[in-house]
Amino acid sequence: MRRRVLLGAGAALTGTALGGALTAAPAAAQTAAGPRAGTWGAAAYPSPTSRSARRPAGSSSAPASPGPARACACPTSAAPPAHRRHRPLRPPRRRRAVAAGTNKAVTFGGADTVVIAAGAVVLSDPIDLDLPAEADVAVSIHVPDVVADVTGHSIAAQRSYLTADGDHAAEESAAAFTEYLSKWYLLDEITVELDGPGGTVVCLGDSITDGVGSTSNLNRRWPDYLARRLLTADANTGVLNAGVSGNRVLWDGAAPSAQARLDRDVLSHPGVHAVVLLEAINDIASGKAAAPGDLLAAYAQIRERLAVHGVRLVLGTVTPWLGSASYTDAKEDIRVAVNTAIRAGTDPFIDFEAAVRDPENPKRLRAEYDSGGGVHPRGPGTRPWRPRSTWRCSRPPTLHCDT
């Protein structure tokens, strides 16, 4: 299906520069005309590194919307002090090489070079792409200068490819892409312009949402399966994964807390009408949540802040964790109490715990769902783990979840 795509990117502790020869995008700036939805996203934060040339290329699920659409990219800069200039961005690339004739140039206000202010996000001009349901899209970025503390996402469960030096953004061949890593750099979001009503669901969480324990390069994180279910339901709704490994609800850690991430990782995205929040285990394990009420009060604040923007909160029950080095019975009592409150509350919820707990010992994951260490669920064999809830989807802003 032909779509109009927008890309978003930015910079972290320092600003970033992108630029280069871009050929396929129109010479003049364009403005997306229709409603937008996020089709791919990754929470981006400072990621220490130093390279004179970076060219990440990754693939991700892209839930379809009926009819033609267009897309944009959002390069991002998570924090101060300097600016960054970027060159160039080009989708798509997968397994290093791209399909012949698909590598299209990306511009920003008609220019092939963009400077991203520290802490800012820039949105590309729309790009016409053939973007079918669950398409794999790769974005190639050249950074002409040495960059330290580049904005990125540290655990991608997906390969990105790098070149040793030089600007190879226009190349469809894999020859220059000799290095790979499981990270995403600079790219923050891919959005599509819809031809009818639609919207975005954001999955906010920690490493379980981020995909730790899932099979790499196969898009088997639980938000990927949610995206497929909404696609099957013809909900015209994209799913963005805002999971950050090590994240907590109450305190900053690997990234700002879930409460502090709402503006950047949820409300900044287009068309958001629901947030699925599966997060608490790191607060409990670290002792930052001294009582169930600490987490429940934070959930209430998140609910109220989302409601101001017309966004609905869907809570997830906290999955078992017996086997973790941080496990104690006292901490387990907090997890059980939080889940009891979620099930008894008025918020819609997904019962993740019921989907993966051991029926003989609900303190632990079922053996076939334990990826190792007792915390991160995975699918038994090649079959994915999926919460046993039923999603009843109507056109946004209404999204129902029956457990």
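Predicted model: local features only at pLDDT ≥ 70, side-chain atom pairs only at ≥ 80, totals over all residues.
Is D224 buried or exposed in this structure? D224 is buried, with a relative accessible area of 10%. Buried here means under 20% relative accessible area, exposed means over 50%, and partly exposed is in between, with a 1.4 Å probe and protein chains only.

Totals for chains, interfaces and linings use all residues, and side-chain values use heavy atoms, with hydrogens and water left out.

Now the chain as a whole. Its secondary structure comes to seven helices and 23 strands. Helices (H or I, at least four residues) and strands (E, at least two) are DSSP runs, numbered from the N terminus. Of the 403 residues in the chain, 56% are buried. Contact means heavy atoms within 4.5 Å. Taking contacts between residues at least 6 apart in sequence, 82% join residues at least 24 apart.

Next, confidence. The pLDDT is the predictor's confidence in each residue, from 0 to 100. The chain averages 77, and 74% of the residues score at least 70. Over residues 12–29 the pLDDT is below 50, and this stretch has 104 contacts in the model beyond near neighbours in sequence. Residues 50–70 also have a pLDDT below 50, with 125 contacts counted in that way.

Back to D224. It is found in helix α2, residues 222–232. The buried residues of α2 are W222, P223, D224, Y225, L226, A227 and L230. What does the side chain of D224 join by a polar contact of 2.8 Å? That partner is the side chain of R221. A polar contact is a pair of N or O atoms within 3.5 Å; within protein, one must be able to donate a hydrogen and the other to accept it, and residues adjacent in sequence count only if both atoms are side-chain atoms.

Just after α2, D234 takes a positive phi of about 55 degrees. N236, in the loop between α2 and β16, also has a positive phi, near 55 degrees, and is a residue other than glycine. N236 is buried, with a relative accessible area of 6%. Elsewhere, L186 has a positive phi of about 70 degrees although it is not a glycine. L186 lies in the loop between β13 (184–185) and β14 (187–193), and at 0% relative accessibility it counts as buried.

One more loop residue is T107, placed between β6 (84–90) and β7 (114–116). T107 is buried, with a relative accessible area of 5%. Its side chain has a polar contact of 2.5 Å with the side chain of D125. T107 and P126 are 19 residues apart in sequence, and their C-alpha atoms are 8.3 Å apart in space.

On to the cores. A nonpolar core is a set of buried Ala, Val, Leu, Ile, Met, Phe, Trp, Tyr and Cys residues joined through side-chain atoms within 4.5 Å. Which residues of the largest core touch the most other members? Of its 33 residues, they are L204, V266, V275, Y299 and L306. Elements that each supply at least two residues of this core include β15 (199–205), α3 (258–267), β17 (272–278) and α6 (329–344). The most comes from α5, with five residues. Leaving aside its neighbours within four places in sequence, L204 is in contact with residues including A242, L262, V266 and V275. A second, separate core of 30 residues includes A37, V143, V150 and I190.

Last, helix α6. The expected span of a helix is 1.5 Å times one less than its number of residues. The 16 residues of α6 should span 22 Å, and its end C-alpha atoms are 22 Å apart, which agrees. In α6, E332, I334, R335, V338, N339 and I342 are buried. Seen down the axis, the buried residues of α6 fall within an arc of 155 degrees, so they line one face of the helix. The arc is that of the directions from the helix axis to the C-beta atoms. On the other side of α6, A330, D333 and A344 are exposed. The partners that the buried residues of α6 pack against include α4, α5, β18 and α7 (352–356).

Notes: Residues numbered from 1 in each chain as written.
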